[in-house]
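This briefing summarises computed features of the structure shown below. The points after the lead are grouped by topic.

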Amino acid sequence: TIILGLGLILFIKMSPFIGGILGACTIYIMVRKQMFYLTQEKHFKKSITAILLLIEAIMCFLVPLSLAVWLLINKLQTVNVDTTGFIHTVTNLADWLHTKTGYDLLSAENISSIASILPAIGQFLMGSISSFAVNAFVLVFILYFMLIGGIQMEKYIYELLPFSDTNKKNVLKEINMIVRSNAIGIPLLAVIQGGIATLGYYLFDVPSALLFG
């Protein structure tokens with residue numbers, strides 16, 4: 001009971017960092033062979049190899065994501081919103097809705113409700129950005145120590161699995177295959193879909209085809 005209670009408490013307290021932990025595990029599975037090759041066959045120092053692989057992970061994962069966010073922010077900065085036209089459209093919609101249904105969309109209660117929702121949306125966006133930054137730091141931090149102690153960690157996990165040696169190997173092989181297939185397949189599919197969409201937007205003269213793609 002004590003062990004289960006402590007495990008539950010640890011899981012609850014670690015839940016904000018689950019994304020970073022799972023990301024570190026995924027990237028470790030992707031680069032573990034490189035780590036073993038450089039340290040065991042090329043006799044590189046573990047710390048230097050771990051730093052090189054961290055740079056590789058940052059360049060392959062975090063940098064493209066940061067560039068996509070930068071492209072979106074840069075585009076949003078150039079958008080000019082016609083507030084007068086927007087307010088006029090909303091007013092006309094509210095009048096039409098009031099005429100058809102008798103419901104006053106611009107009543108004091110509705111306006112106060114919308115005003116109370118806007119700060120919550122802002123807090124959610126800021127919380128998402130801060131959560132991403134924290135999880136990115138946790139990912140890099142945990143991945144470094146996973147790479148440093150990879151062999152000992154794998155042996156420890158292997159000993160903890162309550163299966164026969166044959167089943168342990170099968171389980172670890174399946175986990176490795178599933179993680180690699182998802183880590184490669186999902187981003188690759190996203191890139192292919194985005195590329196086809198960008199081409200379609202470009203052929204039909206849609207503005208900002210690259211951003212939408």
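**Structural briefing**

His43 is exposed, at a relative accessible area of 65% (buried means under 20%, exposed over 50% and partly exposed in between, with a 1.4 Å probe and protein chains only). The model is predicted, so local features need pLDDT of at least 70 and side-chain atom pairs count only at pLDDT 80 or more, while totals for chains, interfaces and linings use all residues. Residues are numbered from 1 along each chain as its sequence is written, and side-chain values use heavy atoms, with hydrogens and water left out.

**Overall architecture**

- The chain contains eight helices and zero strands (DSSP runs numbered from the N terminus: helices are H or I with at least four residues, strands are E with at least two).
- From the N terminus on, the elements run α-α-α-α-α-α-α-α.
- Of the 213 residues in the chain, 16% are buried.
- Among contacts between residues at least 6 apart in sequence, 60% join residues at least 24 apart (contact means heavy atoms within 4.5 Å).

**Individual helices**

- Helix 1 (residues 2-14) has 13 residues and should span 18 Å at 1.5 Å a residue; its end C-alpha atoms are 18 Å apart, which agrees (the expected span is 1.5 Å times one less than the number of residues).
- The number of buried residues among the 13 of helix 1 is zero, so helix 1 lies largely in the open.
- Lys168, Val179, Gly194 and Thr198 are buried in helix 7, and the buried residues of helix 7 pack against helix 2, helix 6 and helix 8 (209-212).

**Packing of helix 2**

- The axes of helix 2 (residues 18-41) and helix 6 (residues 150-160) come within 11 Å and cross at roughly 125° (axes are lines fitted to C-alpha atoms, for helices over the stretch in contact, and angles run from 0 to 180 degrees between N-to-C directions).
- That angle makes helix 2 oblique to helix 6 (under 35 degrees counts as roughly parallel, over 145 as roughly antiparallel, 65 to 115 as roughly perpendicular and the rest as oblique).
- Tyr28, Arg32, Phe36 and Gln40 of helix 2 make this contact with Gly150, Ile151, Met153 and Glu154 of helix 6.
- By class, the contact of helix 2 with helix 6 has four nonpolar, two polar and two charged residues (Ala, Val, Leu, Ile, Met, Phe, Trp, Tyr, Cys and Pro count as nonpolar, Asp, Glu, Lys and Arg as charged, and the others, Gly among them, as polar).
- The axes of helix 2 and helix 7 come within 10 Å and cross at roughly 100°, which makes helix 2 roughly perpendicular to helix 7.
- Here Thr26, Ile29 and Met30 in helix 2 meet Asn176, Val179, Arg180, Ala183 and Ile184 in helix 7; five residues of this contact are nonpolar, two polar and one charged.

**Loop residues and a buried threonine**

- His43 lies in the loop between helix 2 and helix 3, and its phi is near 60°, a positive value in a residue other than glycine.
- Asp205, in the loop between helix 7 and helix 8, also has a positive phi near 60° and is exposed, with a relative accessible area of 69%.
- Thr49 is found in helix 3 (residues 46-77) and counts as buried at 0% relative accessibility.
- Leaving aside neighbours within four places in sequence, Thr49 is in contact with Met35, Leu38, Thr39 and Phe44.
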